[in-house]
Amino acid sequence: MEGSVEGSGTSTPLGKPKESQGHPGSVWPKELIALEPGESAWQVALKKIQELSDSDHRDPFMVADLGVLASRHRAFCQALPRVSPFYAVKCSSSVWVLRVLDTLGTGFDCASQVELDQVLGLGVAPSRIIYANPCKPVSHIQYAARHGVQLLTFDSEEELTKVAQHYPGARLVLRLLTEDSESIFPLSAKFGASLEACERLLKSARDLGLAVVGTSFHVGSNCRTPHSFRQAIADCRRVFEMGRAFGHDMSLLDIGGGFPGGEGCEPQFEEMARVINAALAQDFPEGSGVEIIAEPGRFYAASVCVAAVNIIAKKAVLESGGRRKLLYYLNDGHYGIFRLFLREPAPSTPIVVKELCSDPPLFPCTLYGPTCDAFDKLFREEVQLPELDVGDWLVFPSMGAYTSSMSSTFNGFPPASTYYAMEPKLRCLEGERRDSPLRGSPQGLSLVRGACG
Ligand SMILES: Cc1ncc(COP(=O)(O)O)c(C=O)c1O
């Protein structure tokens with residue numbers, strides 16, 4: 001059957017995806033694909049592949065199932081009932097992702113003026129935003145001040161000096177250094193104050209007349225051990241005590257991001273959450289009057305997208321010893337949606353979209369991106385794949401985190417386009433919202449909320 005899939009063990013009939021009508025007054029915008037009940041982003045990607053397979057324009061694309069955001073949100077709230085998620089916009093800043101999350105009632109962690117502007121532009125109340133980049137340009141601090149985004153993180157004397165001059169009314173959150181050696185993407189070499197430095201910073205803030213309202217940390221993205229959270233939460237408690245001793249009204253704990261993203265991650269999110277809940281119960285028990293937030297990115301966004309890329313060129317190499325190796329050149333790579341994957345310890349294995357014999361021989365393959373840079377590989381290591389041809393497609397699951405938001409146009413290759421899809425019944429996401437003292441009244445989303453009631 002044309003377009004059936006091998007390698008995944010599935011065989012899917014293909015047809016044109018049903019696009020919604022987008023008639024006047026509809027809250028279901030035209031560009032959003034209406035998923036049939038039970039239909040997934042993977043199935044939509046297969047349909048798109050079939051549409052493109054008669055053409056020479058087999059550009060890379062992603063399909064995003066926005067409904068996944070609702071299930072991730074539910075899982076987050078169930079596992080960490082005391083923690084309000086402030087989604088890290090940097091992870092995927094698509095307007096659709098942000099709109100759905102706004103409707104679900106998350107807050108937002110922004111890293112720059114553009115991200116602040118994007119979130120405020122949706123009608124999100126400034127009280128639902130934390131500007132969580134500890135090293136900020138002066139003009140971006142001024143922007144936050146003009147728009148009433150009060151929560152700002154810091155980890156240095158210099159940042160305090162800038163804030164004192166340009167935003168003395170800010171509510172500051174002190175970012176702590178964490179032990180992050182067990183994370184795939186550590187952050188502590190660049191950000192975070194040591195416990196010794198915290199005392200000095202809290203005193204300086206007081207002397208400058210600035211209000212420090214709490215602490216934050218980030219255990220590194222894709223953290224592999226919940227114990228990093230336990231230690232960091234214990235450190236935060238010590239800094240809360242220090243802060244109170246300097247007269248600061250310490251009332252906000254921000255446990256950052258770092259939660260696992262795609263399917264099958266180890267440790268599982270629920271296991272991590274159990275350790276976090278126990279640490280919170282010990283150091284910040286209920287009734288302590290401390291508001292707890294987090295800045296999850298990958299956890300929400302990773303499994304939203306699948307990506308489809310096409311083989312545009314191929315070489316077979318006979319290595320000394322007679323080993324046959326294949327080099328596949330794909331139309332997306334390190335400078336596109338695979339920017340972070342060279343830093344992953346192990347490659348992700350793509351799903352081959354091609355009819356093949358039942359047990360095809362596999363070859364060690366290097367996957368290159370399309371640019372003229374030899375560094376432009378998808379993964380450090382080889383992947384085992386069957387013999388494929390120019391024009392064949394590979395599909396990668398769990399591609400929603402740090403992919404489109406990190407894509408460039410290097411060498412003139414445009415970023416992969418994304419098709420957004422959602423089950424119509426999820427228009428009533430309003431029921432998912434949770435109340436939080438930090439949340440204002442979100443406006444701005446006609447897509448989902450307008451359809452309810
Ligand atoms: C300050 C901050 N918060 C949150 C995040 C999101 O982290 P993750 O995607 O690992 O949840 C990042 C990622 O780099 C970050 O730098």
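Analyst: **The ligand site**

A polar backbone atom of Arg298 lies 2.8 Å from an oxygen atom of the ligand. The model is a predicted one, in which local features require pLDDT of at least 70 and side-chain atom pairs count only at pLDDT 80 or more, while totals for chains, interfaces and linings use all residues. Residues are numbered from 1 along each chain as its sequence is written, and side-chain values rest on heavy atoms, with hydrogens and water left out.

The protein buries 93% of the 390 Å² that the ligand exposes when taken alone (Shrake-Rupley areas, 1.4 Å probe; for residues, only the protein chains shown count as cover).

The ligand has 15 residues around it, of which Ser221, Glu295, Gly297, Arg298 and Tyr402 come nearest (a residue is near if one of its heavy atoms lies within 4 Å). By class, this shell holds four nonpolar, six polar and five charged residues; Asp, Glu, Lys and Arg count as charged, Ala, Val, Leu, Ile, Met, Phe, Trp, Tyr, Cys and Pro as nonpolar, and the others, Gly among them, as polar.

Tyr402 also touches the annotated lysine: beyond neighbours within four places in sequence, Lys90 is in contact with Asp109, Ala111, Glu115, Tyr402 and Ser405, contact meaning heavy atoms within 4.5 Å. An unreviewed UniProt entry places the feature "modified residue: N6-(pyridoxal phosphate)lysine" at Lys90; such annotations may be inferred rather than shown by experiment. Lys90 sits in the loop between β3 (83–88) and α3 (95–104), where helices (H or I, at least four residues) and strands (E, at least two) are DSSP runs numbered from the N terminus. Lys90 counts as partly exposed because its relative accessibility is 32%; buried means under 20%, exposed over 50%, and partly exposed in between (1.4 Å probe, protein chains only). The side chains of Lys90 and Asp109 make a polar contact at 3.2 Å, that is, a pair of N or O atoms within 3.5 Å, one able to donate a hydrogen and the other to accept it; residues adjacent in sequence count only if both atoms are side-chain atoms.

As background, the chain has 10 helices and 19 strands, and buried residues make up 56% of its 453 residues.
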